[in-house]
Amino acid sequence: MEISVKCPIFGCLLLVLLPMPCSSQDNFVYSRATYYGSPDCYGTPSGACGFGDFGRTVNDGNVAAVSYLYRNGSGCGACYQVRCTNPTYCSDSGAYVVVTDHGEGDYTDFIMSPRAFAKLAHPNTAFELFSYGVVDVQFRRVSCQYPNYNTVKFKVHEHSRYPDYLAIIIIYVGGQNDITVVELWQEDCNEWKGMRRSHGAVWDMANPPKGDIKLRFQVSGSVGYGRWVMVTNALPSYWKAGIAYDTNIHLY
């Protein structure tokens, strides 16, 4: 913060100059980005968000690890437009990525899959861009869009053990929305019981309710702040680890 004081004849005028946020006029924020190694140029199935193989291939492998944008897992699944700033090598539109992991390095906000990093470049200039290693970028959050999957799905995490331990991931969340709370209906207690955010985008509960599972989750973002969305029979009585169950919920 810079403070200056000017004292004309009739008194003193105190001017307080606050630091400007590091963003451009079209709502892009300035930062840096790099990439990580991958044998097939896709994402990694071991990302901190807990998406597994979904995190490797979602959005055609155009994914990224983020640092502060991870937000203790709330940022998992968020979508961003990232574009680099060197006009010689960088395209105007840049890359559209889905957050699937957490990572930091060399003052970067994005560590991108090779497929995503290549999208930053003009045609036939990706090799030159890769040689830089780290590039200056602008980014902004954008709405997630999944052309072939326009409804939310609940995936039972592979580490779940029927019927004693249930862990789920909510995938294909459209728009600019964060899942902040997940609850299951406990019929015998006649109340909603909160699931624990185990890590990343994974929510879990020991000794989950028996029978068909009624679930609700709280969303904040483009649909509003703190909006509850309820799904009756979100999971069948005999749910299975590794299976994704569809809903009729559309989030924009």
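C49 is buried, as is C76, where buried denotes a relative accessible area under 20%, exposed over 50%, and partly exposed anything in between, with a 1.4 Å probe and protein chains only. The model is a predicted one, in which local features need pLDDT of at least 70 and side-chain atom pairs count only at pLDDT 80 or more, whereas totals for chains, interfaces and linings use all residues. Residues are numbered from 1 along each chain as its sequence is written, and side-chain values rest on heavy atoms, with hydrogens and water left out.

The structure contains three disulfides, a disulfide being a pair of cysteine sulfur atoms within 2.5 Å. One of them connects C49 with C76, at an S to S distance of 2.1 Å, and this link is left-handed, with -90 degrees about the S-S bond. Because C49 is found in the loop between β3 and α1 (53–57), while C76 is found in the loop between β4 (63–66) and β5 (79–84), the pair ties together parts that are 27 residues apart in sequence. Helices (H or I, at least four residues) and strands (E, at least two) are here DSSP runs, numbered from the N terminus.

A disulfide is also formed by C79 and C144, whose sulfur atoms are 2.0 Å apart. Distant parts of the chain are linked by this pair, since C79 belongs to strand β5 and C144 to the loop between β8 (135–142) and β9 (153–156), 65 residues apart. The torsion about the S-S bond of C79 and C144 is about 115 degrees, and the disulfide is therefore right-handed. C79 counts as buried at 6% relative accessibility, and C144 is likewise buried, with a relative accessible area of 5%.

C84 and C90 are joined by a disulfide with an S to S distance of 2.0 Å, and the torsion about their S-S bond is about -120 degrees, so that this link is left-handed. Both C84 and C90 are buried. C41, by contrast, is partly exposed, with a relative accessible area of 35%, and C189 is partly exposed at 39%.

Six strands form a closed barrel in the order β3-β7-β4-β6-β5-β8, with mixed pairing, two strands being paired if DSSP finds at least two bridges between them. From one strand to the next, the twist averages 45 degrees, where axes are lines fitted to C-alpha atoms, for helices over the stretch in contact, and angles run from 0 to 180 degrees between N-to-C directions. Strand β3 (residues 29–35) runs parallel to strand β7 (residues 110–112), and three bridges join the two; Y35 stands opposite M112 in β7.
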